[in-house]
Amino acid sequence: MTERIRTFLATAQPESPCLIVDLEVVRENYRLLKASMPDTAIYYAIKANPDPAVLAVLNEEGANFDCASLQEIRDVMTLGIEPGSISYSNTIKKERDIAAAFQLGIRLFAFDCRAELEKLARSAPGSDVICRILTDGAGADWPLSRKFGCTKEHAIMLLQMAAERGLTPRGVSFHVGSQQTNADGWDTAIADAADIFRSLKAAGTPLDLLNLGGGFPTRFLNDIPEVALIARNIDASLKRHFGNDLPRTIAEPGRGLVGSAGIIKAEVVLIADNDEKASERWVYLDIGKFGGLAETMDEAIRYPITTRHNGAPAAPAILAGPTCDSVDVMYEKTPYPLPEALAIGDEVLIESTGAYTATYSSVGFNGFAPLKTYAV
């Protein structure tokens, strides 16, 4: 926990559950990534945390922005961010949204199939397009394979088709999976992209842009590779597979910029002690999967949790949320070690929650309000 967050919690005493984001940590994370990848344009994936204060800090630092919907584009542009700094990289878009984004000045779009390409040709004529390719997501805690991307062979055909439809094929994109913990996790995708670049060049349709996607991790309970190491490995991979004909690169970090900047303040609502659960301690918080902890699905992300009893004897607990839905359980297959002295009403701090929490929070399931964010 940073001193700024500690001070805010002590003085403001906000009602739980809530998310507190330290903007200076966001700034530091951006500067570290940019220093590690100076030749790569950074497009912040605003779906990770679209709080206006977060966007303003990153805009001050010179970031570009990766948007996944027309509403995200509009939200970014209300802050004075120019359309030339925005990419519309979701491969699943309504055609009327493509047309509206085009009217707003957006000229960089992603696609991964023929039907999406045809939409772009009709509603964003002449735009720059990049084709997203498949990755297996190996090494990622939150893989993004299957739903997005196409094969190398299909990408070659689609990029040639894009040129025939009057669009400007610029390159290839991929995503190695969110919270990628393998420092070499980008290598295979870069190799595939290089094959596509060579094929298109030979066919008379040269490409010049490679979108490295996101995947840059934040620390939860386990160690992760340093950003500088990931950057060095990406650079080595680019040189190995592209040789002297290096493409221009962009990256779309989300979690890596804001994850470590946030802490959720929560409260213990109930600790079950009935006979049916005598051998299992159930701890219920005032936040769960529907309140912002969706990434605990399949127990994929295990957040660091602290309480006032830290350092005291601990015992396994099944950790669940407050809603009347049986899937609202965060950790059951692998119970979470929590202090034996934990009591109803105790404050619980869930760390490294700056990304994909407030945006995953439901609008009002069971009447629980969306997760409130404070930027400090």
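Guide: A salt bridge is a side-chain nitrogen of Lys or Arg within 4 Å of a carboxyl oxygen of Asp or Glu. The model here is predicted.

Visitor: Which residue does Asp192 meet in a salt bridge?

Guide: Asp192 pairs with Lys152, with N to O at 3.7 Å. The two sit in distant parts of the chain, 40 residues apart: Asp192 belongs to helix H8 (residues 187–202) and Lys152 to helix H7 (residues 152–164). Lys152 is partly exposed, at 25% relative accessibility.

Visitor: How many salt bridges does the structure hold?

Guide: There are 26 salt bridges in the structure.

Visitor: OK, what about Asp22, what does that side chain meet?

Guide: Asp22 forms a salt bridge with Arg4, at 3.0 Å from N to O.

Visitor: Why does Asp22 count as buried?

Guide: Asp22 has a relative accessibility of 1%, and buried means under 20%, so Asp22 counts as buried.

Visitor: Is Asp66 buried or exposed?

Guide: Asp66 is buried, at 4% relative accessible area. Lys47 is partly exposed, at 34%.

Visitor: Which residues are linked in a network of salt bridges?

Guide: Glu24, Arg27, Arg31, Glu60 and Glu61 are linked in that way.

Visitor: Arg27 again, then. Which residues of H2 and H3 meet?

Guide: On the H2 side they are Leu23, Val26, Arg27 and Tyr30, and on the H3 side Ala53, Val54, Val57, Leu58 and Glu60. By class, the residues of this contact are seven nonpolar, two charged and no polar.

Visitor: What's the angle between H2 and H3, and how far apart are the axes?

Guide: The two helices pack at about 35°, and their axes are 10 Å apart. The crossing of H2 past H3 is right-handed.

Visitor: Moving to the core. How many residues are in the largest one, and which have the most contacts inside it?

Guide: The largest nonpolar core has 96 residues, and Tyr44 and Ile350 have the most contacts inside it. H8 supplies the largest share of this core, seven residues.

Visitor: What does Tyr44 touch?

Guide: Leaving out residues up to four places away in sequence, Tyr44 touches Asn49, Val54, Leu55, Leu58, Asn64, Phe65, Asp66, Pro253, Gly254, Leu257 and Val258. Val54 and Leu58 came up above in the contact of H3 with H2, and Asp66 came up as the salt-bridge partner of Lys47.

Visitor: Backbone now. Where is the cis peptide bond?

Guide: The cis peptide bond joins Ser16 and Pro17, with omega at about 0°. Pro17 is in the loop between H1 and E1.

Visitor: What is phi for Glu299?

Guide: Phi of Glu299 is positive, about 55°, although Glu299 is not a glycine. Glu299 is placed in the loop between strand E13 (282–285) and strand E14 (305–307), and is buried at 14% relative accessibility.

Visitor: And Asn366, what phi is that one near?

Guide: Asn366 has phi near 60°, also a positive value in a residue other than glycine. Asn366 lies in the loop between strand E17 (347–351) and strand E18 (372–375), and with 37% relative accessibility it counts as partly exposed.

Visitor: Last one: where does Ser361 lie?

Guide: Ser361 is in the loop between E17 and E18. At 12% relative accessibility, Ser361 counts as buried.

Visitor: What does Ser361 touch?

Guide: Not counting residues up to four places away in sequence, Ser361 touches Phe290, Gly291, Gly292, Pro370 and Leu371. The C-alpha atoms of Ser361 and Lys289 are separated by 7.9 Å, with the two residues 72 apart along the chain.

Methods: Residues numbered from 1 in each chain as written. Predicted model: local features only at pLDDT ≥ 70, side-chain atom pairs only at ≥ 80, totals over all residues. Heavy atoms only, no water. Buried < 20%, exposed > 50% of the residue type's maximum accessible area, 1.4 Å probe, protein only. Helix = DSSP H or I, 4+ residues; strand = E, 2+ residues; numbered from the N terminus. Core = buried A, V, L, I, M, F, W, Y, C linked by side-chain atoms within 4.5 Å. Contact = heavy atoms within 4.5 Å. Axes fitted to C-alpha atoms, helices over the stretch in contact; angles between N-to-C directions. Left-handed = near helix turned anticlockwise from the far one by under 90°. Nonpolar A, V, L, I, M, F, W, Y, C, P; charged D, E, K, R; others polar.
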